[in-house]
Amino acid sequence: MSNIHELQYLKENLETLKADGVYRKLPVLEGPNEAEVILNGKKVINLSSNNYLGFANHPRMKAAAIQAIEKYGVGSGAVRTIIGNMDLHEALDKKLAEFKREEAVMSFQSGFNCNAGAIQAITADGDLIISDELNHASIIDGSRLSKAARAVYKHSDMNDLERVLKERRGAYKNCLIITDGVFSMDGDIAPLPDIVNLAERYECMTYVDDAHGSGVLGESGRGTVDHFGLHGRVDFTIGTLSKAIGVIGGYVAGSETMRDWLSHRGRPLLFSTSLPPAAVGAILEALDMLMTSTEYTDRLWANAQYFKKGMSALGYDIGHSQTPITPVMIGEEAKTMQFSKTLFDLGVYVSPIVFPTVPKGTGRVRVMVTAAHTTEQLDRAVEIFEKAGKQLNILK
Ligand code: PMP
């Protein structure tokens, strides 16, 4: 008789992953996340983190975190609705609202938690959620937690969005159109002005997940809504504090009514402990750094453009990114995994992105250049890409 505790069915699933060439162990980073790291015991150029501005290990951020610990301790002690709502959390929400140029913000413990909590809180049975087909997994999961009906439109295709609106809008009470601001796997920006126009024409609300736009696009990294000058016309904007801001956490930006409602019905806020003081202290410092200087965002964009130019000159297909996210398109899953491994052996770490994260046959390594990379590191990375590409016959 089989022993169910051996989890034989999961072992079989893992064997399938191995047969498909997509099985992997989580890499282990020794030390901080910065431009060059020790990964699995080897020193490599790190082109795989969302630490866009190099804030994750910035001395000012560390000092602010230590100061917050000295004053508030290491834990907030409870969920925000009980006694975890410190003046530090209130200060964070206020500062984020100022940064995002919105009336109010409610912060959560992660970007994922924002989508898991906000979508179900602001929609109900009888409502309709319309989502871009390439929206982030947390939007898909968050939408599944809602009792609203769901529809999907083709990626950034406004004709298809209008088709869905024409066919389905009339049958529902409230309608929420959800899009990523910047799509994390290709680096393209959503056609937000067109989405907002359609939303207004069909009396829908708009919800933008700007995890990869915040700290990157717009004035001082204020995000995609700012980039397009759409303040006041997008109802809900999600931001993460774990990527450009370099720490952990997420937030919903919008109106005072939104904030008030999420404080009553945002389930991760009601049932999961709030951000620790060290994180909040560091985030406040990051916002100060962003709002007083464009040094970091300028360097991020300059570095990304420099790297992209080098890769295009080699003949790589780097997709149609409009942001620092740089996919290097490979195609087949096993080849993508092999390419990532060869790059690692030669001294560059870029994670392979394959099905189910992206559609089958569109495997890529996704390069994330940051403000912290030096020109020398970027030159070295391009040289290694050339070597690896030739070794695997990806480049002629
Ligand atoms: N939304 C998008 C578009 C993302 O890329 C991510 C991070 N992968 C998240 C939400 C989740 O953010 P966090 O890491 O803060 O949970």
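## Terms and basis

A residue is called buried when its relative accessible area is under 20%, exposed when that area is over 50%, and partly exposed in between, with a 1.4 Å probe and protein chains only. By this scale E285, at 18% relative accessibility, counts as buried.

The model described here is predicted, so that local features need pLDDT of at least 70 and side-chain atom pairs count only at pLDDT 80 or more, while totals for chains, interfaces and linings use all residues. Residues are numbered from 1 along each chain as its sequence is written, and side-chain values use heavy atoms, with hydrogens and water left out.

Where they touch, domain 1 gives 21 residues and domain 2 gives 19 residues, contact meaning heavy atoms within 4.5 Å. Between them the domains bury about 1600 Å², of which 61% is on carbon and sulfur atoms; buried area is the accessible area (1.4 Å probe) that two parts lose on being put together, summed over both.

Across this interface there are 9 residue pairs in polar contact, both residues being at pLDDT 80 or more. A polar contact is a pair of N or O atoms within 3.5 Å; within protein, one must be able to donate a hydrogen and the other to accept it, and residues adjacent in sequence count only if both atoms are side-chain atoms. On the side of domain 1 that touches domain 2, at least two residues each are supplied by α13 (295-314), β11 (325-331) and β14 (363-368), and the largest share, 4 residues, comes from α13. These helices (H or I, at least four residues) and strands (E, at least two) are DSSP runs, numbered from the N terminus. By class, this side of domain 1 has 10 nonpolar, 9 polar and 2 charged residues, where Ala, Val, Leu, Ile, Met, Phe, Trp, Tyr, Cys and Pro count as nonpolar, Asp, Glu, Lys and Arg as charged, and the others, Gly among them, as polar.

## Salt bridges

A salt bridge is a side-chain nitrogen of Lys or Arg within 4 Å of a carboxyl oxygen of Asp or Glu, and by this rule the count comes to 22 salt bridges. Between domain 1 and domain 2 the count is 1 salt bridge. The side chains of R364 and D186 meet in a salt bridge at 2.9 Å, N to O. Because R364 lies in strand β14 and D186 in the loop between β7 and α8, this pair ties together parts that are 178 residues apart in sequence. R364 is buried, with a relative accessible area of 3%, and D186 also counts as buried, at 14%.

Another salt bridge joins the side chains of E285 and R60 at 2.8 Å, N to O. E285 lies in helix α12 (residues 277-292) and R60 in helix α2, so the pair ties together parts that are 225 residues apart in sequence; R60, at 40% relative accessibility, counts as partly exposed. K100 and D210 likewise meet through their side chains, at 4.0 Å, N to O. This pair links K100 in helix α4 (residues 87-100) with D210 in the loop between β8 and α9 (224-227), 110 residues apart. K100 is buried, with a relative accessible area of 4%, and D210 counts as buried at 0%.

## Two asparagines in loops

N51 lies in the loop between β3 (42-46) and α2 (59-72) and, at 6% relative accessibility, counts as buried. A polar atom of the side chain of N51 lies 3.0 Å from the backbone nitrogen of A56. Leaving aside neighbours within four places in sequence, N51 is in contact with N33, A56, K243, G246 and T370.

N174 is placed in the loop between α7 (158-168) and β7 (175-180), and at 33% relative accessibility N174 counts as partly exposed. Although N174 and A124 are 50 residues apart in sequence, their C-alpha atoms are 8.4 Å apart in space.

## Backbone details

A cis peptide bond, with omega about 10°, joins F355 and P356, and P356 lies in the loop between β13 (352-353) and β14. E203, a residue other than glycine, has a positive phi near 50°; E203 is found in the loop between α8 (192-201) and β8 (205-209) and is exposed, with a relative accessible area of 65%.
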